[in-house]
Amino acid sequence: MELKQVEKNGQRIAVITGEAPLITDVQSALDLIMTVKYETGCQRIAIDKTAITESFFQLRSGLAGEVLQKFVNYHIKAAIYGDYSQYTSKALKDFIYESNSGIQILFPKTQEEAVERLSNLSV
């Protein structure tokens, strides 16, 4: 895992990249949230999609709902960035569309877009 911190529009954002999935279950998501909060103090996190297990994107598994609820509970705004074009599930596409209309969890295409959108979210 690579964890760096960027500042944009007066907001500090933790940016996480990695080759292997860091979020594989609810506990690993909590561990990541606490690591970011402890090491950076950031309340906004941009996470590379490759750092999340594929089962997260199969909504039937329930993992996405459980993990994202932890981000909400701990007042973390998150952007999970990456290419979602390979997914054919209408439910997932609708979920991503609705999330991108909100202010808590976002699914942008690039790290730059993730940082930009997180930096412009209201508190």
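This is a guided tour of the model, stop by stop, saying what to select and what is there.

The structure is a predicted model, in which local features need pLDDT of at least 70 and side-chain atom pairs count only at pLDDT 80 or more, whereas totals for chains, interfaces and linings use all residues. Residues are numbered from 1 along each chain as its sequence is written, and side-chain values use heavy atoms, with hydrogens and water left out.

Begin by selecting residues 2-8, strand S1, together with strand S2, with which S1 pairs in the antiparallel sense over seven bridges; strands (E, at least two residues) and helices (H or I, at least four residues) are DSSP runs numbered from the N terminus, and two strands pair if DSSP finds at least two bridges between them. Within this pair, Glu 7 stands opposite Arg 12 in S2. Most residues other than glycine have a negative phi. With 49% relative accessibility, Asn 9 counts as partly exposed, the classes being buried for under 20% relative accessible area, exposed for over 50% and partly exposed in between (1.4 Å probe, protein chains only).

**The parallel strands and their crossovers**

Next, select residues 44-48, strand S3, where five of the five residues are buried. Arg 44, Ala 46 and Asp 48 point one way from S3, while Ile 45 and Ile 47 point the other way. On one flank, S3 pairs with S2 (residues 11-17) in the parallel sense over three bridges, and Ala 46 in S3 is the bridge partner of Val 15. To follow the chain from S2 to S3, trace helix H1 (residues 26-40), through which this β-α-β crossover passes in the right-handed sense; right-handed is used here for a path from the first strand over the helix to the second that runs clockwise with the strands pointing away from the viewer. Five of the seven residues of S2 are buried.

Ala 78 in S4 is the bridge partner of Ile 45. From S3 the chain crosses through helix H2 (residues 63-73) to S4, and this crossover too is a right-handed β-α-β one. In the loop between H2 and S4, select His 75, which has a positive phi near 55° although the residue is not glycine. His 75 is exposed, at a relative accessible area of 58%.

**The nonpolar cores**

What lies among the buried side chains? A nonpolar core is a set of buried Ala, Val, Leu, Ile, Met, Phe, Trp, Tyr and Cys residues joined through side-chain atoms within 4.5 Å. The largest such core has 30 residues, of which Phe 56, Phe 57, Phe 71 and Phe 107 touch the most other members. The elements that give two or more residues to this core are S2, H1, S3, H2, S4 and H3, and H1 gives the most, with six residues. Centre the view on Phe 57, which, leaving aside its neighbours within four places in sequence, is in contact (heavy atoms within 4.5 Å) with Lys 49, Ile 52, Ile 80, Tyr 84, Tyr 87, Leu 92 and Phe 107. A second, separate core of 10 residues includes Ile 13, Ala 79, Leu 106 and Val 115.

**Helix H3**

Select residues 90-100, helix H3, whose buried residues are Leu 92, Ile 96 and Ser 99. These residues lie on the same side of H3 because they cover an arc of only 65° around the axis, the arc being that of the directions from the helix axis to the C-beta atoms. The buried residues of H3 pack against strand S5 (105-106), while Lys 90, Tyr 97 and Glu 98 are exposed on the other side of H3. At the start of H3, show the side chain of Ser 89, an oxygen of which reaches to within 3.3 Å of the backbone nitrogen of Ala 91.

Finish at Lys 109, in the loop between S5 and helix H4 (111-120). Lys 109 counts as exposed, at 66% relative accessibility. Not counting residues up to four places away in sequence, Lys 109 touches Tyr 81, Gly 82 and Asp 83. For a distance check, the C-alpha atoms of Lys 109 and Tyr 87, which are 22 residues apart along the chain, are separated by 13 Å.

Key
Polar contact = N/O pair within 3.5 Å; in protein donor to acceptor, adjacent residues only side chain to side chain.
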